[in-house]
Amino acid sequence: MTNPSLVFGVGIVIVCGLMLSGLGDLTMRGRLVMGHWLGRVGFGEDKFLLILAFIIGGLAGAAAVGFHELIVLIRAELYERPNPRKLYGPWIGLLVLIPAAGGLAVGILTNYVIKLREGHGLIDVLESVSRSSGVIDPRVAFERILTSAITIGTGGSAGAEGPIVQIGAGIASGVGQLFRVARQHMPVLIGCGAAAGISAIFNSPIGGVLFALEVVLRDFSIRTFTPVVVASVISNFATQTIFRQLLGHEYGAIFTLPKSLAPLDFRFGQLGYYLLLGMLCGLHGVLVTRMMLFSEHWFAKWKFWRAGKPAVGGALLGVIGVVYVMLFGWGMGRDKFIAVSHYAMPAFFGDGYGAVTPMLGPDFYVQGVTAMALLGILAFIAVAKIVGTCLTLGSGGAGGIIAPSLFLGALTGAMLGLLLQAMGLSHGLGPHAYALVGMGAVLAAVVHAPLAAILITFEVTRDYQIILPSMLACIIATSVAQVIFRDSIYTAALRQRGVRLGNAADLTLLQRLSVEQVDLEPATVVRDFDPFQRVLDLTAETGATDFVVLDRKGLYIGMVTAEDIRSALLERDAVPLLTVSELMRLNVPVVRNTDPLALVLDTFARYELSRLPVTLRRNDAKVIGLISRAALMRRYQKGLNEGV
C-alpha cells in the first residue's frame, strides 16, 4: 500500500519545482496586494517574510516527512524484507551489489537525467547564500529527495540532515522567487528552509534555528531570527500533524532513544573525563574533515566514468560490510553483531541511527563479550564508518555528513566509557552516557557549530542533565578542531571554491549587500590587438586609468591597469612597438552583479587592484561596468549608517 505521507511529501516538492512557471504574475499581484495591506496596518517589507516563513515551514515539513518515508521504504524493501539468515548467509554478496546499484542509479540520475551537482549539498546552499544571495534552482529539492533517499536507503554511509537542509533551501528559494522577494531578503528565506528541515528531521525546532543562524546565515540579528523561528516551529507542527493524521502514530524523529534510558547524573568528579572526551571528539572531527576532503579530491582526479564512481564507492563499502559480517557475525555465531531487530543493515551502512540507539542504553554493554573485545568491535565500526562515508560521499553519492558525525561521536564516547569502566574510573557512569555526549561533540567539531550541536543533543534526548557535559565537550571539541585545522568541513570545501565566510558583524553586512547596490563606473574598452598608444590616447581623453580588454569576438579576456601603464612608460622608446595583448593581465577575475560585497572585498585583497570588471550573473564574458574599491567602501559606510 502506498504511504500517504510519502506521496504527499514528494508531491509538495514537485509543486515547488513548478513554482516558477505560470504562477509568477498571479503571485506577484497577490504579493503586491498583501504588501499594500500590511503597509497600511504598519507592517513593513521585513514582516512579509513572516508570512513566507509560515509557508516555507509547512512545505519543508511535508517534504521532510516524504523524504524520511522514502528512505524507510527503500531500506525496508532491500534489507528488512529479505530473510536475514539468507542476506547475512548465502546471499551475502548482496551487501556489495545493493550499495553499488544504488550508487550507479544516483550517478546516472545526477549526470544524465537531472544534471545537478552531486555531493553532500549543504555546501552548495552556503555557496548560493554567499555568491548569489540565496537564489537556488527549486528542482534541487526534488533531486535531493530522490538521490539522497536512494543513496541512504541502499546502504550508502550518509545522513538525511544535509539533504533536508538543501531540500528546505530549494523550497524556500522557490517560494522567494515565486513572490519576487527582494534579493537582500533571499538569504533569510534560505535560513528559514534550513531551520525547517532540521526541525522536522530531528524533531528539534530550537536546534534547527541555531543551525540555520550559526552555520547557514552566520547572523544572529533579530531581523533573521524571527522568520527563522517561525519556519522552524511551523515545520515541526506540520510534521507532527502528518505523522498523527496520515500515519496514525506519534511523531518519531529520524533518531530515537531507548525508552528505558535513565537521566544522567553529572558530578564534579567526571569533569576531567568530559574534557578528555571533548579533546578526543575534536581530533576525530578533524580526521573526518580531512579524510572527506582527501576522498573528494582523489575521486575528482580519478580518470573513470563519472556516473560510475558512486557505484564503485558503494561496492567498496559493501566489501567492508562483508568483512564486518564475517568477523563479527559469523565469527561470533551471529548473523551480525548488532541484531537485525535493531538495524537491518550492517552498523555503518546508511545513517546508522538504528545501530547507535542500543549503544545509548546500558544493556548494550553487557551482552556476553568482554569489555576489550567490545572495544575492538566498536573501533572497527568507527574506522569502517569513516572510510565508508568517504567512499560514499567522496565518490559522488548524495547525502549529508551530520549523521556520520553523530554516529562517530557515539562510538567515541562509548569507547572512552568502556576504557574508564575497565580501569575502575567510571564514577558510576556507564559508557552510554559518554556516547550521548560524544554525539554532539564530534558534530560540533566537524561543522564548527557548538551551539547547534548542544541544542540538537538536548532536544534528541529530552534530558536536561545532558546540557552541562554536552556544553563542555562541544566547546572543547570545537576549540581543539579549530586549533588543528581552522576550517569546518563546509568552510574548507567553500575555500576550495574560492568562497570565504567570515564571522564579524561587518562581514555580515557585506554579505547582505551586493554589487548591484553599488554605483558602477563605465568600462573603458580596448581590444587585445590595439596598439598601446590607443590606451594612452584614451587616458588623455577620458581620464581612465583601468581598461577592460576584449578579444575579437567582444568577450572579456583581461585588464590593463594604471600600474601596467606606468611600467610601460618607463621605456618610452618601446611604446610605439607595444600592443595591448603584451601588457594586459589575464588573471583578473570578474565579479557578478549578484555577488555579495564580502566576496568582492576578498577579491580586491587577493589581487591588489583598485577596480574589477562586473558582469551579469548568467554571462561572465559581457562586462557591464567597473566596481571600484572606493565605491564599495562608500556603500558599506552608507549601509552602516542606515542600519541595513
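**Salt bridges**

Reply: The side chains of Glu521 and Arg611 meet in a salt bridge, with N to O at 2.7 Å. This pair links distant parts of the chain, 90 residues apart. Glu521 sits in the loop between α21 (505-512) and β1 (525-527), and Arg611 belongs to strand β5 (residues 611-616). Keep in mind that this is a predicted model.

Me: What makes the contact of Glu521 and Arg611 a salt bridge?

Reply: The cut-off is a side-chain nitrogen of Lys or Arg within 4 Å of a carboxyl oxygen of Asp or Glu. The N to O distance for Glu521 and Arg611 is 2.7 Å. So the pair meets the definition.

Me: Why is Arg611 called partly exposed?

Reply: Partly exposed lies between the limits for buried, under 20%, and exposed, over 50%. Arg611 has 21% relative accessibility, so it counts as partly exposed. Glu521 has a relative accessible area of 28%, and therefore is partly exposed.

Me: Which residues are joined with Arg611 into one network?

Reply: Salt bridges that share partners join Glu521, Asp546 and Arg611. The structure holds six salt bridges.

Me: How do you know that Arg585 forms a salt bridge with Glu563?

Reply: The closest N and O atoms of Arg585 and Glu563 are 3.3 Å apart. The limit is 4 Å, so this pair qualifies.

Me: What makes Asp564 a salt-bridge partner of Arg585?

Reply: Their closest N and O atoms are 3.2 Å apart. That is within 4 Å, so the contact counts as a salt bridge. Asp564 lies in helix α23, 21 residues from Arg585.

Me: Is Asp564 buried or exposed, and why?

Reply: Asp564 has a relative accessible area of 11%, under the 20% limit, so it is buried. Glu563 has 44%, so it is partly exposed.

**Helices and loops**

Me: What makes His448 count as buried?

Reply: His448 has 16% relative accessibility. Buried means under 20%, so the label holds. His448 is in the loop between α17 (431-447) and α18 (450-461). This residue has a positive phi of about 55° although it is not a glycine.

Me: Why is Pro362 called partly exposed?

Reply: Pro362 has a relative accessible area of 42%. That falls between 20% and 50%, so it is partly exposed. Pro362 lies in the loop between α14 (353-359) and α15 (371-394). Pro362 and Ala433 are 71 residues apart in sequence, with 8.7 Å from C-alpha to C-alpha.

**A surface patch**

Notes. Residues numbered from 1 in each chain as written. Predicted model: local features only at pLDDT ≥ 70, side-chain atom pairs only at ≥ 80, totals over all residues. Heavy atoms only, no water. Helix = DSSP H or I, 4+ residues; strand = E, 2+ residues; numbered from the N terminus. Buried < 20%, exposed > 50% of the residue type's maximum accessible area, 1.4 Å probe, protein only.
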